[in-house]
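Morning, everyone. I have one model to walk through today. Please look at the chain on the screen, and then we go from the whole fold down to single residues.

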Amino acid sequence: MKKLTDIGEVKRALERHGIVLSKGLGQNFLINPTVCPRMAEYCGADDSTGVLEIGPGIGVLTVELAKLAKRVVAIELDERLKPLLEENLEPYPNAQVVWGDAMKLNLPALIEEHFSDCRRVVVCANLPYYITSPIIMMLLEQRLPIESITVMVQKEAAERMCAPVGSRESGAVTVAVHYHSVPSVLFSVSAGSFLPAPKVDSAVMKLEVLQQPPVDAGDEKQFRRLIKAGFSQRRKTLLNAVSAGGFSKEAAAAALDEMGLPRTARLEQLTLEQLAHLNRCLS
Ligand code: SAM
């Protein structure tokens with residue numbers, strides 16, 4: 001294919017290969033020519049950077065990354081795209097596809113295998129929206145040796161993840177994002193930039209991954225359990241939600257008193273510092 005953002009050309013190429021885009025796999029392909037070069041620029045790819053992409057589709061972002069990076073490794077689940085993707089990546093010997101499910105592959109091993117000669121590794125992707133949060137949680141919680149994650153997600157999801165912990169929009173993923181990174185929303189992308197157009201607008205956000213969490217939460221496994229318990233029962237008070245999650249109500253009440261918070265507080269109202277303190281008190 002000559003132009004990967006030419007809607008007519010993309011449609012004809014898909015037809016030629018008998019591919020009907022799958023809603024279930026979140027296949028909304030970018031056809032706005034300005035977006036991928038900007039994403040490649042923002043992710044900081046240069047000739048010493050290895051880039052991990054998830055979901056290359058027909059390679060529209062992959063080729064922009066390959067122009068700047070030392071190496072690009074793109075994980076794609078849908079093998080129907082193989083002939084098209086291979087054809088489009090042929091001029092870029094520094095881009096390689098790994099076929100498989102990004103949620104199931106051994107990413108530490110993959111990074112070690114492909115990027116050991118790169119000065120740094122970043123993630124850059126237009127994520128399949130049906131698994132945006134699980135992918136981001138998985139990338140962050142595995143503590144992969146990556147410097148940043150620059151991804152396109154639904155606009156609302158970007159705003160939720162980047163909202164301050166303790167604000168109305170925040171959720172469990174917001175806490176994980178702020179515990180492991182410094183997030184920011186970079187720019188919005190209209191629904192019309194995709195084939196087919198999704199129902200909602202999108203946004204590109206960047207997470208600068210932290211080497212050390214900004215707070216001392218103590219037992220991290222317990223912290224994840226606490227956040228999950230608290231946010232899955234958002235309407236309950238913190239005390240009722242955590243005791244339903246198997247934690248001590250008395251210890252939680254003592255922690256609230258100590259922090260000067262009312263006993264009617266809900267978990268979503270606590271800052272990251274306060275959540276970390278609560279978790280240490282529940283240990
Ligand atoms: N990067 C392309 C673009 O910007 O036009 C395609 C992005 S599209 C939103 C998401 C891509 O992720 C699709 O190509 C889809 O097949 C792929 N995908 C879906 N689930 C996946 C998974 N679990 N692992 C790897 N790729 C996946």
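The protein chain has 12 helices and nine strands. Helices (H or I, at least four residues) and strands (E, at least two) are DSSP runs, numbered from the N terminus. This is a predicted model, so local features need pLDDT of at least 70, side-chain atom pairs count only at pLDDT 80 or more, and totals for chains, interfaces and linings use all residues. Residues are numbered from 1 along each chain as its sequence is written, and side-chain values use heavy atoms, with hydrogens and water left out.

Overall shape next. The C-alpha trace spans about 65 × 40 × 30 Å along its principal axes. For 283 residues, a compact globule would have a radius of gyration near 19 Å, and the chain's 21 Å agrees with that. That radius is taken over C-alpha atoms, and the globule rule is 2.2 Å times the number of residues to the power 0.38.

Now burial. Of the 283 residues, 52% count as buried. Buried means under 20% relative accessible area, exposed over 50%, and partly exposed in between, with a 1.4 Å probe and protein chains only.

Contacts: take those with a separation of 6 or more, and residues 24 or more positions apart account for 68%. Contact means heavy atoms within 4.5 Å.

Let's zoom in on helix α9, residues 220-231. How far apart are its end C-alpha atoms? They are 16 Å apart, which agrees with the 16 Å that 12 residues should span at 1.5 Å a residue. The expected span is 1.5 Å times one less than the number of residues. Which residues of α9 are buried? Gln222, Phe223, Leu226, Ile227, Ala229, Gly230 and Phe231 are. Their cover includes α8 (172-180), α10 (238-244) and α12 (272-282).

On to Glu87, in helix α4 (residues 82-89). Glu87 counts as partly exposed because its relative accessibility is 34%. Beyond its neighbours within four places in sequence, Glu87 is in contact with Met1, Arg16 and His17.

Two backbone points to finish. First, a cis peptide bond joins Leu195 and Pro196, with omega about -15°. Pro196 sits in the loop between β8 (194-195) and β9 (202-209). Second, Arg143 has a phi near 50°, a positive value in a residue other than glycine. Its loop runs between α6 (132-141) and β6 (148-154). At 40% relative accessibility, Arg143 counts as partly exposed.
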